Amino acid sequence: MDGEADETVAVGDDCVPGRRRRVHGMLKLYYGLNEEGKAAEESESLDPCDINGPHFDPELYLNKLRRECSLAELMDQETCMVKQIRSLDSDMQTLVYENYNKFISATDTIRKMKNDFKKMEDEMDCLSANMAAITEFSASISGTLQDQHTQITKLSGVHTLLRKLQFLFELPARLNKCLELQAYAQAVSSHRRARCVLQQYSHLPSFKGIQDDCHAIMDKLAQELRQKFRDGGSSAKDLSECVELLLQLDEPAEELCDKFLSHARSRLESDLQGLEAEIRPYPSAAKDASARRGCNEFVSSLCLVITSYQELFINHAQTGELLHAFVDNLAARYFSLVERRIQEEKSVGDNSLLVRALDRFHRRLQAVAKLLPGSAVPNKGTEIVIRAATERVKQYLSALQSFYMDSLTDVRQALATPRLSVAGRDAPNSLPELLSSLSASILNQIKSVLASVHLFTAKDITFSNKPYFKGEFCSQGVRESLVVSFIKFVCQSSRHFCESAGDKGGSTPPALLLLLSRLCLDYETSTISYILTLTDEQFLDQHHSPVTPVTTLCAEAKEAAQKLLNHYVKVQGLIISQMLRKSVETRDWVNTIEPRNVRAVMKRVVEDTTSIDVQVGLLYEEGVRKAHSSDSSKRTFSVYSSSRQQARYAASYTPSAPMDTNLLSNIHKLFSERIDIFSSVEFNKVSVMTGIIKISLKTFLECVRLRTFGRYGLQQIQVDCHYLQMYLWRFVSDENLVHFLLDEIVGSSAHRCLDPAPMEQSVIEVICERG
Amino acid sequence: MEDDAPVIYGLEFQPCSVRAPQARALSAQTAETDAIRFLVGTQSLKFDNQIHIIDFDDENNIINKNVLLHQAGEIWHIGASPADKAVLTTCYNKTCDSRVVSCAAVWRMPSDWETGSHESPDDTAHNPQTLELLCHLNDSAHGNAACVLWEPMGDGKRVISLADNHALLWDLQESSTQAVVSNTATLEGKGQLKFTSGKWSPHHNCSQLATANDTAIRGWDLRTMSQIYCIENAHGQLVRDLDFNPNRQYYLASCGDDCKVKFWDVRNIQEPVKSLEEHSHWVWSVRYNHSHDQLVLTASSDSRLILSNMVSISSEPFGHLVDDEELSEGEDNHQDDKGKEPLKDSVVSTYEEHEDSVYAAEWSSADPWLFASLSYDGRLVINRVPRALKYRILL
């Protein structure tokens, strides 16, 4: 071993870990652990010159060195080799020293173990001997106790059986007692427990007796249950309990079903009757909440019935349809009640109450929908809500309409009162104020109605997200049948004013006509589009169904305004016409005195025309008139007219110049446009006044043509016409119109004159100016 | 289409055509069923008034005129006897003692007025013949005559005159030379009531009369001379004229100062059956066509004449009822007609030939498609129903 180590050291290289491994490997080799050594062996090279390899050949190595290296190199090699050998030696010594102690202690331990094992073997022998003794004893004990054990088991079995028997024997009594105490549930469960046993042992006479007794009692119980069930006085919960018990007693399910439903019906019907009774005493009062509470009771008890029914008869297939029919039937009656109730809800005061009530109603029905998924009830409920909503919209419409009519009545009164007190002069002053207050109050009313209707589509209302309320309600319901209808109503009622008043002699005060006409015109220009925009903003319609466009409404409003204004012109024209006609018809024109004055009626005509002018001027703009000729002042006008008239009269009466008149009058007619008397007027003061004056003068003309005049009669007409000329030209758009008509009047009266001797123009002027 | 052009005739005073006379009175010569003939009465306070007999030659589109003098006064109303062509009535104004009085009289035309005019028109122009007075229809007790109505389709023996608030039924005796009041009816009420116009119903055996006073229309039973109905406020203002539908016995048309023409069913007088408002001033005259009652003529002081086609309330609301034979003959035509139906009430046309107020319009008694209208300035216009409409009614 030393030699080997020596050798190893002699050829050992300078790599310390490699050397240590080598040392370990050798130790392992020694103790037979050679797996690593084998692996090492295989991997080692066969080079004889490798100083660490197993096939190292010192002779070859030396020769090689001597041949290849120089002297200096050999010297170096030698010192290196010596150094290595020395370090290997010291390593060997350390190793041996370290391991020596371990060997010694190991040897000691092994020796100690040998001694201990010997002691243990003895104790084990002793133990096994003891165990054998114990086994023997135990066997002998169990052998002695065997008999007693079987006896006890048998006894306990008998005891159980006896207890069961006792239960059976006591059953009839117990059942009776239960019956007395009305603890039906307990009785039924007891009976159920005993039933099988009794059935099994029914061939034994004693058991048979018990079974019979039990049957009798149970029949009685069933009877009693049925009785109770039939009486139906108890609550729904009791009832369902009853049914449950009866079901457990194997009663036929269908029959029970029917009975259950009929009971439920009778109870619900009594609820309904209660409701009905509640509705009747308060036909109009706002007892909404109380009635609603009643409704809720009904719906909740209906829900209860449905749930208990479904729990009870869950296994019976065909009973579902029965339930549906039942629910539908009752719900229909309920709905009819609710609808009646809603219809009685006429007052439009607080819409939120109704909306909330409807919401609650709808919500309750949602519960039914959840319980009974296929039922038509919720749909019908929604329909009712929709109907109620449409009904409400209708009511609002009629409320708006009556409001409108009421405010018109107010306006009428306002127009009438000051006239009574201040004798007609101050009344027109308030016209613009009346107009603005009227239109403002209508607008406010519309806004408030829109706000209340808007509640139907509020987000927290359950039915507001139904498609109807999202689409049709907004467009058709609110926009069309509320707002548009109202606007149409306004136009229509205005038109109605024109028609009815025309026949029955003007029951409508003309000022109101004028006011309404302005109102309609304002509607046309701005209000309608404002209202509709407001509506569209509040009720955003997602479906864009076709709606009445603004232009149509505006056209209608404009038409109404036009009609009203035309009618106003007609009425005012008629009032003046009537004065003129009376004045012409009632006078004896043949035998009249020489004119000294303008007749009072003409002054009245001018006065009235002036006040009409003021009235119209308050509401309508001035308008365009044809440019006045520079000589439209009074004096020059007189000259102009007189010259022409004079020419005409003269011609008529002096046969010397016959062609002149014909020519003059015909040429005049040829060039003047045809005058439409009752024609449409424009929306301005001048046009209105022109219309009124046209009507008045034409009436004057026609009346004159029906009369015969004397000399002074003709002169009076001349004076009157001149007076009218002086004052009327300023009101009209084209003064030539007045000239033409007045010429016609004087001309006609000249034709109808027995002794036509016209008055001097200067005299006429003097008379007129004096008047 | 040329035929449809209106024929215009300007009245002139015959002796010296100084100027056109005023004229309000127009009547078709009712008894004449062959020639198209109209009678026009003039209104003049200064000259002798005349009755112009206007003959219209349909084929040549020529107007022939004859003039008869009516010296009694200015003519306000003229009525031709339904039995005798030569007999007519007038209502006229005459002045005596600086009072104007309205009178009525029955006249006969001189027998040779026609021949005379043909021989030498110039002569007659200078020397018009005079009407021969048969009898006066005046009763001093009963005020001013407004109009005289002949018994429709009668034998020319009975007339009614409306004077102030009385309706007088006259029997004409001894070839109309003597008139006796056989019955009277009086309108009673507050104020000065005055009949403005009237019409003798051709139905019910000519036993009914309709009158207008102020805004009311009244119906009278001539057998008892008592009022049978009264349409108060028939028009907003004065009722100017009435006419009975010749084919529907209960239908009545009225017109007035409210510019409206209304059609009434006298069995239900609450509301008019129909109301038209086409004129822009008072409507003075309304006339049903004598055979085709859907055609209604209205004249107004807005110088217009309007012909309306009121199919819906006529006796032939579905157009001309075609017989089965006709149907089989011209089925294609009929199909075409069907395409045009249903016929609607409409204004057929508006005639604007007049330049002054038109106070009278009349259908010809000889040609149902022809009518005349008269304006205050003495212009008579003869028009025809448009051909298209005529064929539509006939076929």
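## The contact between chain A and chain B

Between chain A and chain B, ten residue pairs are in polar contact, both residues of each pair being at pLDDT 80 or more. The elements of chain A that give two or more residues to the side touching chain B are helix 15 (467-503), helix 17, helix 20 (658-671), helix 21 (685-705) and helix 23 (735-751). Helix 21 of chain A supplies the largest share of that side, with five residues. By class, the side of chain A that touches chain B holds twelve nonpolar, seven polar and eleven charged residues. The model described here is predicted.

The extent of the contact is summarised below.

| Item | Value |
|---|---|
| Residues from chain A | 30 residues |
| Residues from chain B | 42 residues |
| Area buried between chain A and chain B | about 3100 Å² |
| Share of that area from carbon and sulfur atoms | 45% |

Four salt bridges are counted between the two chains. The side chains of R752(A) and E74(B) form a salt bridge, at 2.6 Å from N to O.

Helix 17 of chain A, residues 550-585, includes R581(A). R581(A) counts as buried because its relative accessibility is 6%, under the 20% limit. Beyond its neighbours within four places in sequence, R581(A) is in contact with T699(A) and C703(A), and with Q237(B), L238(B), R240(B), D257(B) and W282(B).

Chain A as a whole has 24 helices and zero strands. Of its 771 residues, 42% count as buried. The accessible surface of chain A is about 41400 Å², and 56% of this belongs to carbon and sulfur atoms. Among contacts in chain A between residues at least 6 apart in sequence, 82% join residues at least 24 apart.

Methods: Residues are numbered from 1 along each chain as its sequence is written. Chains are lettered from A and ligands numbered from 1 in the order in which they are written. This is a predicted model: local features need pLDDT of at least 70, side-chain atom pairs count only at pLDDT 80 or more; totals for chains, interfaces and linings use all residues. Side-chain values use heavy atoms; hydrogens and water are left out. Helices (H or I, at least four residues) and strands (E, at least two) are DSSP runs, numbered from the N terminus. Buried means under 20% relative accessible area, exposed over 50%, partly exposed in between (1.4 Å probe, protein chains only). Contact means heavy atoms within 4.5 Å. Accessible areas come from the Shrake-Rupley method with a 1.4 Å probe; for residues, only the protein chains shown count as cover. Buried area is the accessible area (1.4 Å probe) that two parts lose on being put together, summed over both. A polar contact is a pair of N or O atoms within 3.5 Å; within protein, one must be able to donate a hydrogen and the other to accept it, and residues adjacent in sequence count only if both atoms are side-chain atoms. Ala, Val, Leu, Ile, Met, Phe, Trp, Tyr, Cys and Pro count as nonpolar, Asp, Glu, Lys and Arg as charged, and the others, Gly among them, as polar.
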